[in-house]
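Please look at the structure shown below before reading on.

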Amino acid sequence: MIRTVRVHELKRTDRGRRYLVDRLWPRGVAKRSLPLSGWLPDVAPSDELRRWFGHDVTRWAEFRRRYTAELDAHRDAWLPLRDAARKRDVLLLYAARDPEHNNAVVLREYLARQVRDDR
């Protein structure tokens with residue numbers, strides 16, 4: 001199972017391998033206080049795409065399309081997540097305030113397809 005969790009709402013009881021999937025470290029979070037299996041900034045949208053989107057919901061559909069194209073072009077960035085999801089639960093951690101319109105949501109759907117298609 002692959003889930004998304006806002007890093008500021010992570011609970012100790014949240015089970016699974018924890019991966020931060022943002023390009024930037026979350027504000028107000030000490031690195032020592034965030035137990036991670038890994039931080040994968042290269043799996044996040046490019047700086048250009050991130051800035052263009054700017055969490056503008058009217059750009060969501062185009063953001064999803066562009067980010068998916070970036071993921072297609074950078075297989076090596078997301079392979080560790082796919083491999084981890086085959087073995088155990090994975091938590092994709094993100095810092096955005098909007099739980100429905102952020103890169104982790106797109107990444108979760110993308111990875112779920114990859115795991116399903118590889119079976």
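## Aromatic rings and a helix

In this predicted model, Y67 is buried, having a relative accessible area of 1%. Y67 and F63 both belong to helix α2, where they stand four residues apart, about one turn of the helix. F63 also counts as buried, at 2% relative accessibility, and F53 is buried with a relative accessible area of 4%.

A search of the whole structure finds six aromatic pairs. A pair of aromatic rings is described by the distance of the centres and the angle of the planes. Two of the pairs are set out here, and planes under 30 degrees apart count as stacked.

| Pair | Distance of centres | Angle of planes | Class |
|---|---|---|---|
| F53 and F63 | 4.3 Å | 20° | stacked |
| F63 and Y67 | 5.7 Å | 25° | stacked |

Because F53 lies in helix α1 (residues 47-53) and F63 in helix α2, their pair ties together parts that are 10 residues apart in sequence. F53, W60, F63 and Y67 form one aromatic cluster.

Charged side chains also meet rings: the charged end of K31 sits over the ring of W25, 5.3 Å from its centre, while R66 lies over the face of W52, at 4.1 Å from the ring centre.

Helix α3 has A77, W78, L81, R82, A84 and A85 as its buried residues. Seen down the axis of α3, these buried residues fall within an arc of 165°, so they line one face of the helix. The face turned away from that buried side carries the exposed residues D76 and K87. Among the elements covering the buried residues of α3 are β1 (2-6), β2 (17-20) and α2 (60-73).

Definitions and conventions:
Residues numbered from 1 in each chain as written. Predicted model: local features only at pLDDT ≥ 70, side-chain atom pairs only at ≥ 80, totals over all residues. Heavy atoms only, no water. Buried < 20%, exposed > 50% of the residue type's maximum accessible area, 1.4 Å probe, protein only. Helix = DSSP H or I, 4+ residues; strand = E, 2+ residues; numbered from the N terminus. Arc of directions from axis to C-beta. Contact = heavy atoms within 4.5 Å. Phe/Tyr/Trp six-rings, centres within 6.5 Å; stacked < 30°, edge-to-face > 60°. Lys NZ or Arg CZ within 6 Å of the ring centre and 35° of its normal.
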